[in-house]
Amino acid sequence: MTQSNTNADVQKKRLWFIFLAGPVIYAIYFLTVYVLGEFGCLAGIQHFNFWGINPIHLGVVLLTVIAAFATLGVGLTAFRRWRILHKGAEDPDMDDPKFMLFVGLWLNGLFTVVIVLSAVPMLFGSACDWT
Amino acid sequence: MAKDLAFGPSAEHPHANTVQTGDGRNVISPEEPINERLEKIWADPPGFTGWFRALQNDALGARIMSTAFAFFLLGGIMAILMRTQLLWGESEFLSPQTFNELFTMHGSTMMYLFAVPMLEGFAIFLLPFVLGNREMPFPRLGQFSYFTFVLGGILFFSSFLFGAVPDAGWFAYVPLSGPEYSRGLPLDFWLLGLGVAEVAAIAAGAEIAIAIVRMRAPGMTLSRMPVIAWAYLVTAIMILFAFTTLLIASLMLELDRKIGTQFFNPAAGGSAILWQHLFWIFGHPEVYIQFIPATGMISMITPVFARHRLVGYNYIVIALIATAFLSFALWVHHMFTAGLPQVAMSFFSIASIMIGIPAGIQIFAWISTILFGRPIWTTAFHYVVGFLVTFVLGGISGIMVGVVPFDWQVHDSYFVVAHFHYVLIGGVTFPIFAALYYWFPLFTGRRLSERVGKWNFWLTFTGFHITFFPMHIVGLLGMPRRVYTYQPGIGWEIYNQISTIGAYIIAAGVLLFIINVFRSLAAGEKVDSNPWKADSLEWATAIPAPNYGFAELPIVQSRHPLWDEQSIRQEEELEEHRREKNVAIRSMLQDLAGWPLTWRAALTTSAIDARPTEVFRVSGPSIWPVVTSCGVILMFAAEIFTLRTLVLSGAVATIVGLIGWHWPDHIESTEREVEFERKHNIPVYPNGSPTVSRWSMGLMILLITTCCALFVFSYFYITLSHGAWPMDNIAPPSLILPAIGTIAVLAAAAAMYWANQRIARGELAAMRVGLALAFIFGAIAAGVLIYDLRQVPFAHSLNAYASLYWTLTIFLIAILVGGLAQNLFTQIWSWFGRYTAREHVAVDIGAIYWYATIGFWLLLAGTVYVSPYIL
């Protein structure tokens with residue numbers, strides 16, 4: 001495989017990563033928080049306290065911060081790369097990378113918002129109050 | 001070189017397609033002899049048995065759609081009967097039991113046998129044309145999918161003949177659907193009859209995904225892909241996750257019912273709420289599996305009749321992907337009253353509201369497209385507007401029920417019935433009608449009557465709102481769902497009567513549609529090409545579409561190939577490097593059009609930039625998928641009645657069918673194919689595509705991973721719901737046997753890796769040794785687990801822990817046995833000399849399977865054997 005083929009493959013993998021990072025990070029975040037919340041409540045870990053903070057709340061906040069920064073970071077990367085292509089000369093061969101970067105930056109942005117908003121209710125109630 | 005190695009345009013190999021621009025000019029001359037040759041190669045086999053053996057995408061797609069519509073009519077009749085019962089309070093038109101059966105069958109039929117199959121039928125018919133290729137990647141899988149669907153549906157409805165009609169709702173909550181409260185056959189018909197249909201849906205989903213990713217026309221890059229392709233791509237992936245979940249959940253419930261496992265029995269450590277989780281992990285994405293392809297149809301139809309390009313293509317793609325992922329994060333909103341922790345509920349409430357954002361993006365994109373355009377009010381466009389109005393109203397009520405306190409008031413009331421009918425009829429059925437009017441000329445060569453169509457639309461649309469709007473009100477007044485009657489004078493009668501009248505109006509509208517179809521088939525206006533002056537590739541073929549789709553595959557250079565001059569302009573207008581690239585590709589496509597003469601050739605292209613990568617042979621007609629399908633049905637049907645000998649017979653028939661289906665029909669490469677490869681630098685695979693095979697193995701692994709994840713989820717859900725683990729003082733299992741098994745699995749994977757490496761260098765004998773070693777090690781791993789089960793001191797029915805232990809272990813054995821079977825047949829075929837350094841795809845995908853098996857083993861064996869020591 002030539003060097004240019006290898007570079008092209010790496011570029012494609014980066015594009016796919018940027019394209020799908022937002023939803024995939026959200027999916028992992030969501031599953032982790034759900035498991036922590038529901039399974040944690042079932043296991044009774046809310047009865048432990050770390051510096052007066054419920055471990056489920058603490059876990060959700062930490063996961064939210066990590067996930068939100070991850071999607072935000074990938075989104076900003078996508079934006080920077082997209083802007084370089086967008087401001088550059090019109091090149092039809094760059095249409096698809098631009099498209100994937102554009103979609104990637106908006107998906108990452110959207111899921112950053114979703115991640116942050118998902119954690120907001122944590123601020124307002126007890127994690128394991130059973131309804 | 002043989003004298004027939006004459007490639008390139010010539011009098012012998014003229015172009016064949018008729019391509020029209022938006023203003024109706026013909027660009028390439030029609031009806032050249034090549035069409036006749038392609039017609040022969042791609043023809044459906046004749047005669048009675050030929051009907052069963054046929055597997056061309058248009059034939060299969062049409063059959064699936066017709067069958068799904070028939071189920072739609074059956075479901076509609078049930079709805080009419082229920083509405084008639086609810087016309088008056090304390091009516092005795094139907095008994096309570098019959099009413100329960102009808103709402104179960106109505107919901108199940110519409111959700112499992114109409115909506116998803118109808119949309120998959122559209123996909124199978126349309127996608128090769130829309131994508132600019134000739135066929136789906138696995139025609140035999142599509143054929144299997146059709147027969148499994150129709151036979152599964154017949155099995156499901158045969159419950160009426162046996163007086164065993166399912167009656168526990170389309171969601172079959174435990175414990176009502178469990179062995180204690182639903183004795184007898186009805187729920188077995190539900191679980192096993194629909195289980196077959198689920199298998200069909202998964203099969204079609206896998207094929208759709210691969211077609212879209214790897215079988216687009218050259219030049220149809222991701223950014224030029226039609227929105228309907230994006231919609232079906234995300235849907236196909238969703239189907240793999242969601243329907244697998246239902247399959248596993250159904251399996252677990254059927255095991256509870258038939259052999260006494262305790263997954264959902266709280267008295268034995270199981271969890272009734274677990275069923276709800278599993279069902280709705282499927283159930284909520286299921287509605288988006290229906291909605292998303294419908295939006296794809298709307299995105300194709302709206303620009304044509306608005307006479308304006310789709311506004312916001314990029315944003316619509318973003319919305320589709322976001323909707324797909326978010327839809328898996330909503331399921332608990334069906335369980336807000338089930339008694340879950342607040343953290344879970346608030347989480348799902350937020351996601352349920354956030355999904356309105358991508359939906360709203362699409363709505364504004366369509367509205368903008370219409371506002372910027374000059375609409376032509378065909379019947380299809382009427383249905384588009386009807387969809388917009390109705391779906392938005394349904395979406396608003398959906399946001400309302402996403403708010404937990406509001407949902408607590410309206411859960412299980414008619415407000416929810418109104419909501420989901422607004423989104424499912426408005427959001428799915430109206431687009432289906434629009435699509436039927438729009439694509440009917442492509443299917444049949446005739447237009448549906450616009451005059452009758454307008455009557456059809458207005459009756460359906462008006463009838464719909466008359467039926468379902470009052471349900472919002474009566475739901476807020478307190479009328480519960482699924483009640484066969486109500487007290488007279490309670491204030492609900494007038495709303496129910498209005499709804500019933502509306503239902504009859506809908507029925508009249510649907511009847512008009514049926515009349516329109518039959519009249520148009522017989523004497524409708526004939527069309528020969530692109531009657532709507534549309535922009536997408538399916539209208540570039542002859543009408544009705546020929547079996548082979550495109551004689552010469554197109555090169556796509558824009559999102560709107562038939563509207564843009566770019567797609568047919570002279571190549572000297574392009575930049576030099578693109579011109580050279582296009583000339584090379586066009587030369588290849590012209591040669592492909594004129595050849596081969598003996599087998600069905602299709603093209604794979606790369607995922608992002610749609611460069612041609614392979615020419616390969618797609619499967620031809622065969623009876624074996626039908627045999628396989630019949631075997632599967634026999635297994636499921638026999639299990640309903642617990643006729644285990646017949647179940648075994650069905651299993652044998654299935655295995656025989658699978659062997660026949662996959663029996664290699666080896667074709668040697670000819671000099672002409674070698675010359676084609678040399679000239680165009682594109683490999684030719686007359687024995688199947690390695691790319692397509694690897695993708696299919698990848699999707700299979702995804703499916704098995706989903707199954708494993710669901711079992712593990714169930715295991716830990718039950719574990720954490722329980723105090724002590726394992727239950728009833730059962731001792732944790734020994735780690736010696738699983739340790740041996742782990743080493744064996746690793747060794748098997750290593751042996752497969754080695755075998756694959758050897759055959760890649762042409763070392764056939766070494767490959768056989770590797771395969772044999774892999775088989776031995778794999779058999780040791782399976783043997784270890786079987787031995788363990790034989791000596792565990794508890795039966796599967798003792799408690800939930802025992803049920804999980806047995807089930808997860810047997811599932812792991814099944815994974816190993818699947819790998820061993822594939823290995824064995826690969827070994828057999830290797831002795832027939834099937835594999836070379838260049839063609840050894842069976843060894844390649846076998847190795848991939850065993851690498852993945854390491855992960856499956858660690859996950860499942862770790863859960864079963866190691867977790868008791870940790871928890």
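Student: In which loop of chain B does B:Asp728 lie?

Tutor: Helices are DSSP runs (H or I, at least four residues), numbered from the N terminus, and strands are runs of E with at least two residues. This is a predicted model, in which local features need pLDDT of at least 70, side-chain atom pairs count only at pLDDT 80 or more, and totals for chains, interfaces and linings use all residues. Residues are numbered from 1 along each chain as its sequence is written, chains are lettered from A and ligands numbered from 1 in the order in which they are written, and side-chain values use heavy atoms, with hydrogens and water left out. B:Asp728 lies in the loop between helix 21 (690–721) and helix 22.

Student: Why does B:Asp728 count as exposed?

Tutor: Buried means under 20% relative accessible area, exposed over 50%, and partly exposed in between (1.4 Å probe, protein chains only). B:Asp728 is not a glycine, yet has a positive phi of about 55°. It counts as exposed because its relative accessible area is 56%.

Student: What is the phi of B:Asn729?

Tutor: B:Asn729 also lies in the loop between helix 21 and helix 22 of chain B. With a relative accessible area of 77%, B:Asn729 is exposed. The residue is other than glycine, and its phi is positive, near 60°.

Student: Which helices of chain B each supply at least two residues of the nonpolar patch?

Tutor: Patches are made of residues with over 30% relative accessible area and no salt bridge; like charges are joined within 9 Å, and nonpolar side chains (Val, Leu, Ile, Met, Phe, Trp, Tyr) within 5 Å. A salt bridge is a side-chain nitrogen of Lys or Arg within 4 Å of a carboxyl oxygen of Asp or Glu. The surface patch, whose residues include B:Ile736, B:Trp754 and B:Tyr851, has about 820 Å² of accessible area together. The helices are helix 22 (736–760) and helix 23 (764–791).

Student: Is B:Ile780 buried or partly exposed?

Tutor: B:Ile780 is one of the residues of the nonpolar patch, and lies in helix 23 of chain B. Its relative accessible area is 38%, so B:Ile780 is partly exposed.

Student: How many aromatic pairs does the structure hold over all chains?

Tutor: Rings of Phe, Tyr and Trp (its six-membered ring) pair if their centres lie within 6.5 Å; planes under 30 degrees apart count as stacked, over 60 as edge-to-face and the rest as tilted. Over all chains, the count of such pairs is 95.

Student: Why is the pair of B:Phe122 and B:Trp439 tilted?

Tutor: B:Phe122 belongs to helix 4 (residues 96–131) and B:Trp439 to helix 14 (residues 414–444) of chain B, 317 residues apart. Both B:Phe122 and B:Trp439 are buried. The ring centres are 6.2 Å apart, and the pair is tilted because the planes lie at 55°.

Student: What is the angle between the planes of B:Phe433 and B:Phe513?

Tutor: B:Phe433 in helix 14 and B:Phe513 in helix 16 (residues 493–523) of chain B are 80 residues apart. Each of B:Phe433 and B:Phe513 is buried. Their aromatic pair is edge-to-face, at 4.9 Å centre to centre, and the angle is 90°.

Student: What is omega for the cis peptide bond that joins B:Val174 and B:Pro175?

Tutor: B:Pro175 is found in the loop between helix 5 (139–157) and helix 6 (186–214) of chain B. For the cis bond from B:Val174 to B:Pro175, omega is about 0°.

Conventions. Areas by Shrake-Rupley, 256 points an atom, 1.4 Å probe, with all protein chains shown as cover.
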